[in-house]
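Hi,

Here is the structure I promised to pass on.

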Amino acid sequence: MAYFASPFDRRTSIGVDVGGVLVGGGAPVVVQSMTNTDTADIDGTVAQVAALAKAGSELVRITVDRDESAAAVPRIRERLDRLGVGVPLVGDFHYIGHRLLADHPDCAQALAKYRINPGNVGFKDKKDKQFADIVETAIRFDKPVRIGVNWGSLDEVLLTRLMDENQTNGSPLTANQVMRETIVQSALLSAAAAEDIGLPREKIILSAKVSQVQDLIAVYAELAARSNHALHLGLTEAGMGTKGIVASSAAMGILLQQGIGDTIRVSLTPEPNGDRTREVQVAQELLQTMGFRQFIPIVAACPGCGRTTSTVFQELAQNIQGDIRRNMPIWREQYPGVEELKVAVMGCIVNGPGESKHADIGISLPGTGETPTAPVFIDGKKAATLRGPKIAEEFQAMVATYIEARFGRGKQAAE
């Protein structure tokens, strides 16, 4: 269908350097996340930023909402640098961002980017002045800005004007369509204002966040058609658990397939005391599943059926996937290219051997009533047959050996 682009047929956007990470300009789609710690809690924020970066977040946004948090930012940056965590930090500003940046120049310098929302950067007569103050600070410190419109805090003056104009139109739009247009115009007008002040276009990223899938698709399609700014994708207030994952993946998947989007965040509501890095994992899996990037080896696993009443294949797939995620921070350095690895863990003879042959290394475990043997295939050829109670452990050892042989430094040196 002509409606869908190739996953590699990306919209052309202006590239923006965010602390050494290129967003847009033909660069791979960047994964980012946001802390949910009190930024004034330096220990807690450093720990969470480090965890997000280790999980693969390439930009991390932190809240800067008061003097204590602004004062903490340079200390957070210093601590992260000492730990060897170089991930760029993005400051999230609302209401008094102009004052915080002015009063805390070390904070302004330590951040790699500022995020401002034109709907709550200021009110009435103060709005334009406070917006200009932030932009001028960005120019002074040579920092990019994300102008992030959110439907929950739309510019009321602009919304009212467009609603009034719509009422006089002979074929008026629905209220929802006017809301979408307000979001798009707010982003574009704010970007134009920033450029008029002197911020170059290669220092501007736009986002237009809503919480409904169809609204997000419509807004970004229009925004992409009317500008060449780098775009940040994200479904705001996506929700918790599978609902948030499905909604974010559906919305961003369609946009990414159309070549729209230069950086993404999956805004999941974590479970109480849940792991914040889950949103990074989902963002990576979305990009990897669609063929845009490779982050970790792919583990293809049998879904199970009446022929697979044993749980061995489930446990083995889970163990291998967990082992891969735990080791990837080290493997990225030790085994360059390991993210391209494909592993198959199959549960019976029906599709097991065929799927295993398509992987780099795969195992076909015995299904219900089958001979208790498990052929292992390496690079499409049968390499071994495992038997007995330690099939899982033996296969995991074979995966480790394969990784060392194919991606290890010894092999690279020999080449």
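Below is what I found, going from the whole chain down to single residues.

First, some housekeeping. This is a predicted model, where local features need pLDDT of at least 70 and side-chain atom pairs count only at pLDDT 80 or more, while totals for chains, interfaces and linings use all residues. Residues are numbered from 1 along each chain as its sequence is written, and side-chain values use heavy atoms, with hydrogens and water left out.

**The whole chain**

The protein chain has 14 helices and 17 strands. (Both are DSSP runs numbered from the N terminus: helices are H or I with at least four residues, strands are E with at least two.) Its C-alpha trace spans about 80 × 55 × 45 Å along the principal axes. Of the 415 residues, 51% are buried. Buried means under 20% relative accessible area, exposed means over 50%, and partly exposed is in between, using a 1.4 Å probe and protein chains only. Take the contacts with a separation of 6 or more: 66% of them are between residues 24 or more positions apart. A contact here means heavy atoms within 4.5 Å.

**Helix 5 and what follows it**

Helix 5 covers residues 126–141, so its 16 residues should span 22 Å at 1.5 Å a residue; the end C-alpha atoms are 23 Å apart, which agrees. (The expected span is 1.5 Å times one less than the number of residues.) Its buried residues are Lys127, Gln130, Phe131, Ala132, Asp133, Ile134, Val135, Thr137, Ala138 and Phe141. Among the elements covering them are helix 3 (97–103), helix 4 (105–110), strand 6 (113–116), strand 7 (145–150) and helix 7 (175–197).

Asp142 has a positive phi near 60° even though it is a residue other than glycine. It counts as exposed because its relative accessibility is 54%.

**Helices that pack together**

Two packed helices are described by the angle between their axes and the distance between the axes. The axes are lines fitted to C-alpha atoms, for helices over the stretch in contact, and the angles run from 0 to 180 degrees between N-to-C directions.

Helix 5 and helix 7 have axes that come within 10 Å and cross at roughly 55°, which makes helix 5 oblique to helix 7. Phe131, Ala132, Val135, Glu136 and Ile139 of helix 5 meet Ser190, Ala193, Ala194 and Ile197 of helix 7. By class, this contact has 7 nonpolar, 1 polar and 1 charged residues. (Ala, Val, Leu, Ile, Met, Phe, Trp, Tyr, Cys and Pro count as nonpolar, Asp, Glu, Lys and Arg as charged, and the others, Gly among them, as polar.)

Helix 7 also packs with helix 8 (residues 213–226): the axes come within 10 Å and cross at roughly 40°. That makes helix 7 oblique to helix 8, and the crossing is right-handed. The contact includes Met179, Ile183 and Val184 of helix 7 and Ala218, Val219 and Leu223 of helix 8. Its classes come to 8 nonpolar, 3 polar and 5 charged residues.

What about helix 11 (residues 312–334) and helix 13 (residues 391–407)? They pack at an angle of about 25°, with axes 12 Å apart, so helix 11 is roughly parallel to helix 13. Among the residues in contact are Leu316 and Trp331 of helix 11, and Phe395 and Ile403 of helix 13. That contact has 7 nonpolar, 3 polar and no charged residues.

**Two loop residues**

Arg276 sits in the loop between strand 12 (268–269) and helix 10 (278–289). Is Arg276 buried or exposed? With 12% relative accessibility, it counts as buried. Leaving out residues up to four places away in sequence, Arg276 touches Met34, Thr35, Asn36, Gln48, Leu52, Arg265, Leu268 and Pro270.

Asp379 is in the loop between strand 16 (373–378) and strand 17 (381–387). It is not a glycine, yet its phi is positive, about 55°. Asp379 is exposed, with a relative accessible area of 51%.

Cheers

Notes. Parallel < 35°, antiparallel > 145°, perpendicular 65-115°, else oblique. Left-handed = near helix turned anticlockwise from the far one by under 90°.
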